[in-house]
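Hi everyone, thanks for making time.

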Amino acid sequence: VPVEPDFPGNPSGLHAYSAGNFQNAVFFTQSEDTFDVGDSITIEASLALANRSAFTGEKNFARIGLKTDYSNGAPIVGIDLTANALWSLKISEMGGTDKTNVGSTDDLFHTYTTVITKTAVANTFEMSASFDGGDAINYTIVNADLYAATNAYAVINTRAGQNTGGILMDSFSVSSVPEPSAYSSIFGLMALAFVVSRRKRD
C-alpha cells in the first residue's frame with residue numbers, strides 16, 4: 001500500500017490517494033434510487049494532483065460519471081479531466097477531443113461538478129460540467145446502455161498511470177433530483193392526506 005505524500009495544506013478530511021504507479025483506482029457509490037426520464041444526478045468531487053513534478057505530457061488523470069452496474073471500471077457517461085505539461089487543466093466529454101481549458105493546474109484541491117439528466121429523447125442525456133462553481137460546460141450525450149438501465153452508479157476513475165504523480169481526493173458526493181412531475185405527485189398525495197385528516201376531524 002503506497003504511503004500518502006507530504007502534501008502542503010492538505011485538508012484533514014482527505015479520503016483517498018491513488019498512487020502514480022497504479023493505472024486505476026475506482027471510487028463509486030451504490031445507488032438505491034431509480035434513474036427515470038427527467039431525473040438529474042449531480043456528482044461532486046474535490047480532487048488534486050498529488051505530484052505535479054511527475055506529470056509528463058498531456059494526460060487524462062480522471063473520469064467522473066455514471067455506470068450501469070456496481071462493479072469495478074470506468075463510467076460510460078461522464079467527463080474527462082486532463083492536464084498537460086504547461087499545467088493547464090481541461091474538461092471534456094468522456095472520450096471527446098473538444099477540451100475546454102478551465103484554468104492553470106496548481107497544488108490545491110478543486111471542485112468538479114457534473115450533472116447528468118435523462119431526457120425524454122430516446123438514449124439521450126443532457127450533461128453539464130463545472131470547475132469550482134464556474135460557468136457550466138454543456139454536452140448532449142447519446143448512450144443506449146445507460147438509458148436502458150433503471151439504476152445508475154456514480155464513479156470516479158482516477159486513471160492515474162505512471163506519468164501523473166497520483167490523485168488526491170478530499171470528497172465525493174452524489175445527489176439526485178426527480179423530474180418535476182414527481183414533485184406534483186408528492187404534493188398531490190400530501191393534499192389528499194390533509195383532506196382525509198380534516199374529514200376525520202369533522
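**Rings, charges and confidence**

Buried here means under 20% relative accessible area, exposed means over 50%, and partly exposed is in between, with a 1.4 Å probe and protein chains only.

Before I go on, some ground rules. This is a predicted model, where local features need pLDDT of at least 70, side-chain atom pairs count only at pLDDT 80 or more, and totals for chains, interfaces and linings use all residues. Residues are numbered from 1 along each chain as its sequence is written, and side-chain values use heavy atoms, with hydrogens and water left out.

So, how many aromatic pairs does a search of the whole structure find? Three. Rings of Phe, Tyr and Trp (its six-membered ring) pair if their centres lie within 6.5 Å; planes under 30 degrees apart are called stacked, over 60 edge-to-face, and the rest tilted. Take Tyr112 and Phe131: their ring centres are 5.6 Å apart and their planes sit at 55°, so this pair is tilted. Tyr112 is in strand S8 (residues 110-118) and Phe131 in strand S9 (residues 124-131), so the pair ties together parts 19 residues apart in sequence. By the way, helices (H or I, at least four residues) and strands (E, at least two) are DSSP runs, numbered from the N terminus.

Phe125 belongs to strand S9 and Tyr147 to helix H1 (residues 144-148), so to speak distant parts of the chain, 22 residues apart. Phe125 is buried, at 0% relative accessible area. Ring pairs also bring in Phe35, giving a cluster of Phe35, Phe125 and Tyr147.There's a charge here as well: Lys118 lies over the face of Phe35, at 5.8 Å from the ring centre, and over the face of Tyr147, at 4.8 Å. The rule for that is NZ of Lys or CZ of Arg within 6 Å of the ring centre and within 35 degrees of the ring normal.

On to salt bridges. Side chains of opposite charge can pair when their charged atoms come close. We call it a salt bridge when a side-chain nitrogen of Lys or Arg is within 4 Å of a carboxyl oxygen of Asp or Glu, and the count comes to four. One of them joins Glu58 and Lys90, with the closest N and O atoms 3.0 Å apart. Glu58 sits in the loop between strand S3 (40-49) and strand S4 (59-67), and Lys90 in strand S6 (residues 88-93), so parts 32 residues apart in sequence are tied together. Glu58 is partly exposed at 37%, whereas Lys90 is buried at 18%. Glu58 also meets Lys99 in a salt bridge, again 3.0 Å from N to O.

Another one pairs Asp80 with Arg63, at 2.6 Å, N to O. That links Asp80 in strand S5 (residues 77-83) to Arg63 in strand S4, 17 residues apart. Asp80 is buried at 5%, and Arg63 is buried at 17%. Which residues end up in one network through shared partners? Glu58, Lys90 and Lys99.

Last thing, confidence. pLDDT is the predictor's confidence in each residue, from 0 to 100. The protein chain averages 76, and 67% of the residues score at least 70. Over residues 182-201 pLDDT stays under 50, and the model has two contacts beyond four places in sequence for them; a contact means heavy atoms within 4.5 Å. Where pLDDT is low, the predicted coordinates should not be read in detail.
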